[in-house]
Amino acid sequence: MSLTAQTYIVSQFSEAFHTSHLFVRLHDELELVDSITVPAFVDRDVFLESIRKKWYKSGNVELTITNRKIFNLEFIRDAFSHHKTLMIDIGTDVSSLVYYRDGSFAIKEEKLGLAEGLAPLLHSASERERMYSYVHLDLDRRDVFDFLADRQLNPARVAGSLNERFVEFAATTAILTRLAQEHERYFTVTSHEEKKGSRMAQSSPVGIAVLGGEAFWFQTKEINVSHLEGLALLSFLDGANIEGIWRIYLDGNSLTPALGRLKKEGVVSAAVSRYIQQLGTAIVLSHAQAEGTQLGTLRFDLGFHSPQELHVVAGQLIRLPFERGQTGKVEMQLHEGVRIAGLDGSLATPNIEIEGGSLGIVIDARGRPLHSRVPNKETRKRWLEGVGIKQVE
Amino acid sequence: MFLGYARYPFSRYTTHHVTRSLTGNAQVLVKVGEEVRPEKIVGIGKKSAGFRTLDAAAVLKVPPQDVKKYLTKMTGSYINKGEVIAQRSSVLGLGKKQIKSPVDGVLQQINEQTGVLTLEYRPEELRVVSGVKGVVSNIDPHKNELTISANVIEVHGALGIGQRREGSIHIVGQPDLPLSEKQIDPTWENKIVVGGSLLTKQVLYHCVALKVQGIVVGGIHWEDFSTLIGSRGRFEDIGISVVVTEGFGNLPIPPKLFESLQAYEGKFSFIWGGTARLLIPQQETEGVKPQEHVHAQARYARLAEGMRVRLLTLNRRGEFGTIRQLVEDTYLGSGIVAPAAHIELYNGETVLVPVTEIEVIPDAI
């Protein structure tokens, strides 16, 4: 058996950034050795020449990604082949949705993004109003929109402060809102077919969402920045206005297209657990009850000494720590008028398997639809704490 | 190697093709290849002042088709106010009916079916000056346009809005203070005003009412800018042309750029907001300047310690500072690891900023 390691340089280019990753494959193990990202004002050929010099090794295989969404599909087909999966890639000028389930898939693209792609939202007064409501900090709205609009002039931006990150995520949430409005069917845990045939046996009620693209960059291999993960989850919960139970993953280094590209080379299965951050499981209760109303009880069997019971109240957004790699079950006893999308019946539900992650289990009892509510300062603070963000600038 | 955004707010002398338009049945006074000075009259256009009609059949009391017989002037001829243009004597010659022209103009036509005369007011002559020192490179008689190749200084802004306009440069206020309505006065009429760190909609509307031709300013808030853009985007004619030199927000015009523009106070210039450019023709006193190529509009610069930059951050936006240290792969407050720079601001404070959140400001010419 050969012990020779094979190296791969996988490069991708967007309107704002050039990125290259260096992988080493030894047997069936794939290791990410290094990543380089530069603004796109650097000539592409100059960039490629510089990384060839830096990572030179005889026999390097150089691969280029010309269409991110196609390789995102390859990635999720391999990584989550038995689940309903939605991959959302929000870039600087375009965003894409890739949906996969049981062999069928859909790919959608919209001219929305964090730089030039923000123009459609920035030009609309109502969209700006909505975006500003997602900021979750007390910032001058002129500063917020000047900062975001400037990205159309200088797109290759990296947030330096937490406040800037909050503003970026407000824009990301607004983009997700628009994507969910345009492509609603892909943001539901119940498939179109299941809705049509009510007598059909339900497949797993848990959906999988993978968040990636420049909007979700952390650009660090040590993904241990919980406030950013919390912001990413909150932007998905608020923007996509999702319902039901979702396992959520975060690609903070724009690796999914590269992993999908390598899969096409017949290298290895996508290394999900190593390179894609699992945030955990979000349980979203659908209801229209007034804040403070009892909604029901969730009973968690997480492998502890005894099951944990949680009495859920309308308006809550709470988090139970539950580590990555851990699995458990949840049983729900919900009151009249409260349901979990994708599950049959409202009073008792079977045990649902859930998985942990860096954020654990997040229960969203704020009700649906969310968009009509503009939170006050106290509520915003509660929501941020509910996704693990305790302190802001 | 650290790279960061740079924007060159102006170029050295370049050749620009200035178009001068003539109206009506114009007379061109120059030829291709001829050198012209700014004050040279290159053509005389004619602008119609309007028309007037006279019911000659009713005045002369004749059938419409007979009016022609009583005209004393031919159609197309010039007529003066008070001049007789039609006359009919009575049968025995004892009386006559006359039509005298009420205006100076041209007897345009007679409608033989209605007996109505159309008089065109004498067209207004519009003398068009070159405005620049250059060489006539093209004359298009169909479009009534002529093109003059001239050396100009191009001032490139970050963004702008509006169509091509022209006027004399008028420096107003300070480069680092917002323009205010109190500053506006009648001397701004027909001028291109330069100055200020921020243009608001109130000031802009006031300038439009005063027939200011253009404004060159440091910044504008996005929410104001977005309300000005119509279906034609940045080429929308909003009654004025605006060039924003720095971008969105309250952003001072760089001191050296402002100083350079002050030297052109009173000089005739062209402004085109849609392409964010101010074009200042080469002046007589500047002598012969060698033709220099326009800088390729490089969007980035190699960063170095000691370089003067401007922050693009959320807070401190537009503040100037100096790079004191460049650091690789630094953990930032946002949770991201990226190349960054320690920037010393004018107040002595030092901030750590990703290199993509600064913009290099090159020195003026």
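I start with two helices of chain A: the axes of α5 (residues 141-149) and α6 (residues 162-182) come within 11 Å and cross at roughly 75 degrees. Axes here are lines fitted to C-alpha atoms, for helices over the stretch in contact, and angles run from 0 to 180 degrees between N-to-C directions. Helices (H or I, at least four residues) and strands (E, at least two) are DSSP runs, numbered from the N terminus.

On the α5 side, A:Val144, A:Phe147 and A:Leu148 make the contact, and on the α6 side A:Glu164, A:Val167 and A:Ala171; contact means heavy atoms within 4.5 Å. These residues divide into five nonpolar, no polar and one charged. The classes are Ala, Val, Leu, Ile, Met, Phe, Trp, Tyr, Cys and Pro as nonpolar, Asp, Glu, Lys and Arg as charged, and the others, Gly among them, as polar.

A word on the source. This is a predicted model, where local features need pLDDT of at least 70 and side-chain atom pairs count only at pLDDT 80 or more, while totals for chains, interfaces and linings use all residues. Residues are numbered from 1 along each chain as written, chains are lettered from A and ligands numbered from 1 in the order written, and side-chain values use heavy atoms, without hydrogens and water.

Next, the sheet. Chain A has an open sheet of four strands in the order β3-β2-β1-β4, with mixed pairing; two strands pair if DSSP finds at least two bridges between them. The edge strands, β3 (29-39) and β4 (61-65), each pair on one side only. Neighbouring strands are turned by 20 degrees against each other on average, direction ignored. Helix α1 (residues 44-54) of chain A packs on the sheet and touches β1, β2, β3 and β4, its direction making about 160 degrees with that of β1(A).

Last, the interface. How many residues of chain B are in contact with chain A? The count is 32, against 38 residues of chain A. The two chains bury about 3000 Å² between them, 58% of it on carbon and sulfur atoms; buried area is the accessible area (1.4 Å probe) lost on being put together, summed over both parts. B:Trp222, B:Glu223 and B:Leu314 supply 25% of the area that chain B buries against chain A, more than any other three residues. B:Glu223 also forms a salt bridge with A:Arg141, the closest N and O atoms being 2.9 Å apart.

Conventions:
A salt bridge is a side-chain nitrogen of Lys or Arg within 4 Å of a carboxyl oxygen of Asp or Glu.
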